[in-house]
Amino acid sequence: MQLAVNIAVLAAIYALISCGYVLIYRATRVLSLAHGELMMLGAYGLYATASLFSGHPVAAVAAAGVLALAVGVLVYFALMWRMTGESVLAAVLATIALGILLRGLMALAFGTQTRHPLAELGWTNASIAVGEDAFVSGVGLVLVLATAAVYGLLFAFLRFTRWGIRMRAAGQNPLLAAQRGIGLHGIYALAWGLATFTGGLAGMLIASDAGLESTMVVIGLKAFPAALVGGLDSLAGALLGSIVIAAAEVLMVHHVDPLLSDVVPFFILLAMLIVRPWGFFGSREELDRV
Amino acid sequence: MTVPRASGYFRTRYAEDFALLDTRTRKAWAALFAAALLVYPFLAGPLALDLANQVLLGAVGAVALMLLTGYAGQISLGHAGLLAAGAFTTGILFKEFGAPFWVTLPASALVGAALGLIFGLPSLRLRGLYLAVSTLALHFIVIHLGAEYETKRGFSTGILVDPPSIGGWQLYDARAWYFVLLAAAAATVLFSLNLLRSKTGRAWRAIHGREAVAGALGISVHRAKLSAFVVSSMLTAVAGCLFAYFRGFVSVEAFSLFLTIQYVAMVIIGGMGSILGAVLGTVFVILFPYFIEWLMEAAGLAEELAAVVFAVNYSAFGLVMILFLVFEPQGLVGVWRRIQAWFLMWPFKQKPLAGTK
């Protein structure tokens with residue numbers, strides 16, 4: 001039972017992070033390897049707003065969310081729009097360089113010790129009993145609920161709203177979309193904003209649960225196989241991929257060796273790349289397009 | 001192969017197209033440069049000598065990555081993993097069997113070649129991003145195996161490796177290392193230049209240009225891709241072996257993802273598709289942290305920032321990489337070629353249009 005709860009929480013973490021990879025890839029065909037750092041930036045944003053709005057935790061969380069969204073849009077307009085039309089390699093390398101830059105700047109601005117945004121907000125992380133002999137932390141429960149909400153909203157957004165439909169169109173064929181009067185830069189910026197927002201949300205929740213330190217970047221990287229196993233251009237795939245990866249990781253760590261935690265996602269990724277490179281739900285022609 | 005870059009020089013034989021050094025002036029400059037490299041360790045201080053050693057060691061790995069990424073066009077993010085594979089092969093063989101360097105060096109090369117073959121296999125089905133991702137997986141798997149060995153055998157802080165010895169003489173002195181590394185780097189550069197003007201090298205450039213066309217021209221795309229992976233990984237693993245002996249110490253912490261990023265940066269900053277670029281990029285990336293340190297001291301901030309030197313380095317490094325990607329995608333070699341062209345063209349500013357000369 002405890003294992004199932006652990007799997008659910010870890011899957012929620014991976015799913016919340018990997019939808020950022022999917023959003024950016026689906027709209028702009030760029031793989032953002034700075035996602036882990038952007039996630040951490042979101043968490044530091046919460047830490048900063050928590051001390052700024054002390055006494056108003058809800059306002060602090062809202063402000064941190066808006067901040068994350070703004071950072072994503074800023075990243076697009078400051079850097080990534082220059083990379084549109086460049087080779088895939090150049091764009092991916094630009095995100096790597098951005099990641100290094102952010103990592104350095106965050107260490108300069110916030111130091112390197114572990115931070116606890118939750119304590120700063122004045123909330124506590126209670127342990128809640130699930131069933132008879134399993135426990136989940138309060139933040140873990142919020143994580144699962146937040147992931148469900150984010151995925152529900154994203155599905156609705158992409159299917160029913162005008163901007164969501166535009167985003168899908170821009171992802172399918174940028175040239176045709178542009179000729180139909182869709183402003184690509186606006187769409188791409190929105191994709192970056194949403195991805196950074198969801199990533200930032202994941203960062204804030206992880207930081208609330210386990211403290212905020214530089215190892216968070218590794219979690220961001222480990223979520224990335226989840227996106228790929230499910231199919232890089234499919235949100236439903238990211239969800240399924242996260243569950244598969246989380247289940248495999250928790251079971252392997254529990255039954256075989258705790259050291260495996262960092263490699264299990266990548267083993268699954270390799271197996272998937274050999275058997276079915278486009279993932280569970282990814283579209284097959286994507287392979288030839290990159 | 002290359003366009004003649006001297007005024008008044010015209011090629012009359014096909015062999016001249018393949019010459020590494022075409023004019024007498026270039027031969028003279030090359031000889032002068034070689035002489036300068038040989039004299040350097042006797043003039044340089046200890047710090048300058050150490051820097052030169054680091055550059056020469058880095059150049060082996062950077063040239064290997066350039067062959068794969070810059071020429072064959074295959075993206076790899078597993079470079080640190082391959083270096084680690086070479087270093088750990090050396091470390092493990094030394095620790096377990098007390099193997100001398102003339103066993104560990106070929107063994108590392110073999111392990112590198114095998115890994116290159118295994119991780120080149122996905123490249124037959126995957127392109128671009130997906131390939132980069134599978135090489136990233138390689139990185140994590142090799143690092144995991146290394147960490148596993150370290151903890152299981154009780155070398156949790158790392159493996160100590162004695163300096164290599166030839167008939168009782170130990171390679172310990174920085175000046176001796178300089179010549180060994182210089183020989184290794186020179187051999188790598190010459191090997192690569194030679195390979196690039198052979199059939200294999202031309203096949204690599206062709207698949208980089210467009211795979212479908214290369215296939216239509218009768219080039220086996222599979223073989224070209226795999227050979228690029230194997231050659232590059234082999235050279236990288238040899239660099240890893242040298243790294244293990246040079247540092248005298250192997251530990252997984254040394255082979256983080258940041259090392260991969262540094263090597264990729266060498267290739268980017270130096271300029272894609274040029275061996276000279278790989279070397280220039282290595283010089284830049286290795287010297288960069290020292291330059292930052294010097295800047296901090298000059299600005300009088302050294303003491304304030306002492307605790308966060310790594311953060312300053314990361315930020316500056318990321319910024320420089322972004323600036324190069326955005327404003328100078330051709331890298332340092334592009335700058336160098338522009339300077340050359342300026343002198344060649346003088347007093348004109350532009351090359352004449354093709355067909356009008």
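This is a predicted model: local features need pLDDT of at least 70, side-chain atom pairs count only at pLDDT 80 or more; totals for chains, interfaces and linings use all residues.
**A first look at chain B and its aromatic pairs**

1. Let us begin with overall dimensions. Along its principal axes, the C-alpha atoms of chain B fill a box of roughly 70 × 55 × 45 Å.

2. Next, the secondary structure and contacts. Chain B contains 14 helices and four strands. Among its contacts with a separation of 6 or more, 76% are between residues 24 or more positions apart.

3. How much of chain B is buried? Of its 357 residues, 50% count as buried. The accessible surface of the chain is about 17800 Å², and carbon and sulfur atoms account for 68% of that surface.

4. A word on charge. Chain B carries 25 positive and 16 negative side chains. The centres of these two sets lie 19 Å apart.

5. Over all chains, a search of the whole structure finds 20 aromatic pairs. One of them joins A:Tyr76 and A:Tyr188, with 6.1 Å from centre to centre and 80 degrees between the planes, an edge-to-face arrangement. A:Tyr76 belongs to helix 3 (residues 57-83) of chain A and A:Tyr188 to helix 9 (residues 184-210) of chain A, so this pair ties together parts that are 112 residues apart in sequence. Are these two tyrosines buried or exposed? A:Tyr76 is buried, because its relative accessible area is 1%, under the 20% cut-off. A:Tyr188 is buried as well, with a relative accessible area of 8%.

6. For a pair in chain B, turn to B:Phe310 and B:Tyr314. This pair is also edge-to-face, at 5.7 Å centre to centre and 80 degrees between the planes. Both residues sit in helix 13 (residues 309-327) of chain B; they are four residues apart, so about one helical turn separates them. B:Phe310 counts as partly exposed, because its relative accessibility is 39%, which falls between the 20% and 50% limits. B:Tyr314, at 15% relative accessibility, counts as buried.

Conventions:
Residues are numbered from 1 along each chain as its sequence is written. Chains are lettered from A and ligands numbered from 1 in the order in which they are written. Side-chain values use heavy atoms; hydrogens and water are left out. Helices (H or I, at least four residues) and strands (E, at least two) are DSSP runs, numbered from the N terminus. Buried means under 20% relative accessible area, exposed over 50%, partly exposed in between (1.4 Å probe, protein chains only). Contact means heavy atoms within 4.5 Å. Accessible areas come from the Shrake-Rupley method with a 1.4 Å probe; for residues, only the protein chains shown count as cover. Lys and Arg count as positive and Asp and Glu as negative; His and the chain ends are not counted. The place of a charge is taken as NZ of Lys, CZ of Arg, CG of Asp or CD of Glu. Rings of Phe, Tyr and Trp (its six-membered ring) pair if their centres lie within 6.5 Å; planes under 30 degrees apart count as stacked, over 60 as edge-to-face and the rest as tilted.
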